[in-house]
Amino acid sequence: SPPQGYYTRRGGIGEGGDFVTSPEISQVFGELIGIWCISEWIATGKPKAFQLVELGPGRGTLTDDILRVFNQLASLLCKCDVSVHLVEVSPKLSEIQALMLTGGKVQSNPQDKSAYMKGISKTGIPIFWYRDIQDVPPGYSFYLAHEFFDALPIHKFQRTEKGWREVLVDIDPEVPDQLRFVLSPSSTPATENFIQPEEMRDHVEVCPEAGVTIQRLACRIEKDGGAALVADYGHDGTKTDTFRGFQNHKHHDVLRAPGTADLTADVDFSYLRKMTEGRTATLGPIKQREFLKNMGIDLRLQVLLQNSRDTATQEQLLHSYDMLMNPKKMGDCFNFFALLPHHRLVCPDKKHKLESKSPLPPVAGFDDLLLK
């Protein structure tokens, strides 16, 4: 909701908000994702240009950490035209992103109907802001969606003796200023369209907007190359009722005081995979701790610990590492899922071994993972 929605009104990310994200916990998280992008860029032959596209960039912390890696590896990227494209609907959050990434040196862009704001990062890379993924220019791109899909609206369905019924929101007749969940009296268009015939669960959550977005990403990657990396808490088509709210880092009744709390539902990665319609190859989902370990988080932690002089910094590094990697914290809750062009994962044909180049390098972070 443009006037009353949570992200347009507050979007409380960070210690002082309603929830905290991995990039806010440790700089290492964003650094490893920056290395992942460069690794894929090298694996696909170092194209002359690439776009870094982030969907729902929060406070801009993830992109900021990635740009620091790009700057440290400037000699490697010197012949590549790099640009940043942020898809953000919240005016408040785009201001925070602009301040973090450019020091506030941005200009509104009314003459360009696609990007509503533009600026230059502190490291000299052009940054553009858009309201919709479709406004982002085509081209070889790395698309990042970190805790993006879980914030999109869902439909909830319940299996009954009379068939599937949609879970709807109604006003409680006994308490007029209170909302309640009810089942639709009969089938709805959503039950007809979104429930798969082979569905075995009794309660299902479907996010059509996630399906549309992943299809758009798949089409772009199929046509222009690049990759998409999705990091979110979710499941592979196994969970049922995951819809919940967060306020001040605590669980919050989703029907109380709408617009004041973060509402979220686990991402169904099996649904995202299905929605790519075979346009791209998919990898994962794998647990966050597996992905980060494959990306070298342990080595990076040791370097940071050796370079830090005081005990407080070392303790903070170890605490943030534990938050990201501990299976009981974020290590097992969050998953990584990737979209890549089919040709990126096809091994050279044995018949043409003499003509073919050396085998394609594995996809960083997803080592020894079977293609799905």
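**Helix packing, domain contact and backbone details**

Helix 11 (residues 297–307) and helix 12 (residues 311–325) have axes that come within 10 Å and cross at roughly 165°. In this predicted model, helix 11 and helix 12 are therefore roughly antiparallel to each other, since angles over 145 degrees are placed in that class. The crossing in which helix 11 passes helix 12 is right-handed. On the side of helix 11, the contact is made by Ile297, Asp298, Leu301, Leu304 and Leu305, and helix 12 contributes Gln314, Leu317, Leu318, Tyr321, Leu324 and Met325. Sorted by class, the residues of this contact comprise 9 nonpolar, 1 polar and 1 charged.

The axes of helix 3 (27–43) and helix 4 (residues 61–72) come within 8 Å, with a crossing angle of roughly 55°. That angle makes helix 3 oblique to helix 4. The handedness of the crossing between helix 3 and helix 4 is right-handed. Helix 3 brings Gln27, Phe29, Gly30, Glu31, Ile33, Gly34, Ile35, Cys37 and Ile38 to the contact, while helix 4 brings Leu62, Asp65, Ile66, Arg68, Val69 and Phe70. The contact of helix 3 with helix 4 holds 9 nonpolar, 3 polar and 3 charged residues.

Turning to the domains, the assignment for the protein chain gives domain 1 as 6–153 + 207–344 and domain 2 as 155–206. A distance of 31 Å separates the C-alpha centres of domain 1 and domain 2. Where the domains meet, 18 residues of domain 1 are in contact with 13 residues of domain 2. The size of an interface is often given as the accessible area lost when the parts come together. For domain 1 and domain 2, the buried area is about 1200 Å², and carbon and sulfur atoms give 59% of it. Within the area that domain 1 buries against domain 2, Pro208, Thr240 and Leu255 supply 43%, more than any other three residues.

Two backbone details complete the account. The peptide bond that runs from Gly284 to Pro285 is cis, and its omega is near 10°. Pro285 has its place in strand 16 (residues 281–287). The other detail concerns Lys46, whose phi is near 50°, a positive value in a residue other than glycine. Lys46 is found in the loop that lies between helix 3 and strand 1 (49–55).

Definitions and conventions:
Residues are numbered from 1 along each chain as its sequence is written. This is a predicted model: local features need pLDDT of at least 70, side-chain atom pairs count only at pLDDT 80 or more; totals for chains, interfaces and linings use all residues. Side-chain values use heavy atoms; hydrogens and water are left out. Axes are lines fitted to C-alpha atoms, for helices over the stretch in contact, and angles run from 0 to 180 degrees between N-to-C directions. Helices (H or I, at least four residues) and strands (E, at least two) are DSSP runs, numbered from the N terminus. Angles under 35 degrees count as roughly parallel, over 145 as roughly antiparallel, 65 to 115 as roughly perpendicular and the rest as oblique. A crossing is left-handed if the near helix is turned anticlockwise from the far one by less than a right angle, and right-handed if clockwise. Contact means heavy atoms within 4.5 Å. Ala, Val, Leu, Ile, Met, Phe, Trp, Tyr, Cys and Pro count as nonpolar, Asp, Glu, Lys and Arg as charged, and the others, Gly among them, as polar. Domain bounds come from an automatic or database domain assignment. Buried area is the accessible area (1.4 Å probe) that two parts lose on being put together, summed over both.
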